[in-house]
Amino acid sequence: MIAKIVRGEKMTGLLSYLQGPGRANEHTDPHLVAGDSAIMAWHDDNELSHEDAIEIARQLDQPRRVFGTEVKVPNYMRDANGVDVLDSHGKKLRDPIDPFRDGNVWHCSLSLHADEGQLTDGQWGAIAQEFMDEMGFTESSGRSPARWVAVRHGLSSNGNDHIHIAASAVREDGTKVDLYRDWKRASEAVNRLERKHGLAVIESRNAKIGERGYHRAEKHRAAREGSSELDRELLSRRVRACATASRDEAEFVRRLRGQGLIVRPRMASGRSDVVVGYKVAVRPKGRAAAPVFYGGGHLAKDLTLPRLRHEWTDSPEASTAAVSEWNAARRGQKPVTPGRETKVVSDPKMLERAARDITAWNKYLNSIPVSDRAQWARAAGRTAGVFAAWSHQLESKPGPLAEASRQLARSAQVPAHLHRPRKAGTMSAGGAALIVMQASPDLSKAVSYALLLRQLIKAVEAIADAHRAAGDAHRAAELEMFARVRLEAVHQVLPQSLPTEATEPPVLTLAAAEAVRSESSTHAAAAASAEAKRQTATDFPTAPGRRDAGSPLPSKLESRYVSRAATTSEKGTDRER
């Protein structure tokens, strides 16, 4: 269940909207399911007319009008697209002329996922009453109650069963309801109600790894411009691809600019040589349109500049080069020192090297303890970066590869206190991301792509196993289903050819992997250090050692295609979230 809170000033306007037809004529049979006892005694569950809505609004607003209580909330500035305006430190800006606005109306919607079906009026009434008890609007707070009602008017345009709670922020005695950090308290209350009433529990909220929601203005802007995806989704994927493929911060800046994005650094206060953040925007299609910028933290938790820096080379020379590139981007000048991002990979053998890189990456995943949430989040983010880089190269519009990147990026979101900097020498999938991002279009039918996709599916399934071991079975099932259905469909259109004499190497189960991890932990540091030196020595790093013989396709996938493999045994097989 999702809780969304909005503050306003006109109770009559809110009730008129809830009783009216809605933006897409989706409102049907508007009626009350819970609320102030006096109001419920008069209106009960009868269908509301416009006159009823106006009368209920007046009753809700009566204490404020009688006592003359003023309720003020910060008046943050927004641009023409409805996006909050941020200052140089990334904080929302208040209107300098009118820094506060009236906020006496408290509007909260409680919405179920469309897959959860519908609740009865009685169930919604009980949920609304308990929710308002926990939010401190009722007598259970030990103070004078505030007036409120819960309105139900059918499913949303997306099929979600929901209710709207309209409440006054002024109590019966004229005092104000304490609404400090109400969004956080509402989230905690909803989490308890989900468990109590047997509703689907949103594990991402419970584990504090949820994604930032999308503003309605973003969706309207995309629809108005005919875009196939929101700007924030496109920016998140491109930034992730560039960050994964880059070896240092200067290269990251050049790659972003090479993607046609508008890039701006955020400097430390009073400094011109210290960059503490960044923001990016899609270049507007029309000259009159203003770019809409998003900071790294608004794209994803793991795309802030401090977190990205943990994956790059850190030295005085690298920092100086990065500042020069940031300043060039800010001034609209050409890149200072173009590097390996300008190269084009045209040798098919480079794709084989990328596949071997991911093979080594999968061996590294087998060494991560299932309890190490920070390392698994990093692994998910880096694997998402490889998919994002590949999507940039092959997909003209968002497809399965872009969706794979988005799915894995969700698994990369962890709170700041759980994030751990990358240890020196820890493996990275950056080499594979670099190769697929810069691969020539002439390689689009290379057989090595099928092998690469197989290895990436193995990485997805390893991350799914980690979710399952952590108790998040639902997320694990989502990843496995995506790998076995959507990515397998991609695999079917790729050229496939493997030696018929190859044999399948054993695939470790989660339990077996745990045993191997305990035995090989003493060797992991030495192997990682050697890998770091090897990757530093070349622009296009490859996996160390020789590739294992046979198909790297996970056994989980092969079991579903035994009959097909039998019919093509003379040609060889090749398959692969």
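**Results: fold, cavity and selected residues of the predicted model**

Apart from its neighbours within four places in sequence, N46 is in contact with P30 and H31, contact meaning heavy atoms within 4.5 Å. The C-alpha atoms of N46 and H31 are separated by 5.8 Å, although the two residues are 15 residues apart along the chain. N46 lies in the loop between helix 2 (37-43) and helix 3 (50-67); helices (H or I, at least four residues) and strands (E, at least two) are DSSP runs, numbered from the N terminus. With a relative accessible area of 45%, N46 is partly exposed; buried means under 20% relative accessible area, exposed over 50%, and partly exposed in between (1.4 Å probe, protein chains only).

The structure is a predicted model, in which local features need pLDDT of at least 70 and side-chain atom pairs count only at pLDDT 80 or more, while totals for chains, interfaces and linings use all residues. Residues are numbered from 1 along each chain as its sequence is written, and side-chain values use heavy atoms, with hydrogens and water left out.

The secondary structure of the protein chain comprises 21 helices and 10 strands. Of the 577 residues in the protein chain, 47% are buried.

Five strands form an open sheet with antiparallel pairing, in the order 1-5-7-6-2; two strands pair if DSSP finds at least two bridges between them. Strand 1 (2-8) and strand 2 (31-35) are the edge strands, each pairing on one side only. From one strand to the next, the twist averages 25 degrees. Seven antiparallel bridges link strand 1 to strand 5 (residues 105-111), and A3 stands opposite L110 in strand 5. Helix 5 (residues 182-196) lies across strand 1 and strand 5, at about 150 degrees to strand 1. Axes are lines fitted to C-alpha atoms, for helices over the stretch in contact, and angles run from 0 to 180 degrees between N-to-C directions.

D29, which is not a glycine, has a positive phi of about 50 degrees. D29 is in the loop between helix 1 (11-19) and strand 2, and is partly exposed, with a relative accessible area of 40%. R181 also has a positive phi, near 50 degrees. R181 lies in the loop between strand 7 (162-171) and helix 5 and counts as partly exposed at 39% relative accessibility.

N362, in helix 13 (residues 348-365), counts as buried because its relative accessibility is 8%. Residues up to four places away in sequence aside, N362 touches Q455, K458 and A459.

The largest cavity has a volume of about 70 Å³. On a 1 Å grid over the protein atoms alone, a cavity is a set of points where a 1.4 Å probe fits but cannot get out, and lining residues have an atom within 4 Å of a point. Grid points are joined across faces, edges and corners, and a volume is the space filled by probe spheres set on the points. The largest cavity is lined by 12 residues, of which E218, R221, A222, D231 and Y294 are the closest to its centre. Helix 7 (residues 216-225) gives the most to this lining, with five residues.

Methods: 1 Å grid on protein atoms, 1.4 Å probe; cavity = no way out; pocket = protein on both sides within 12 Å on 5 of 7 lines; lining within 4 Å.
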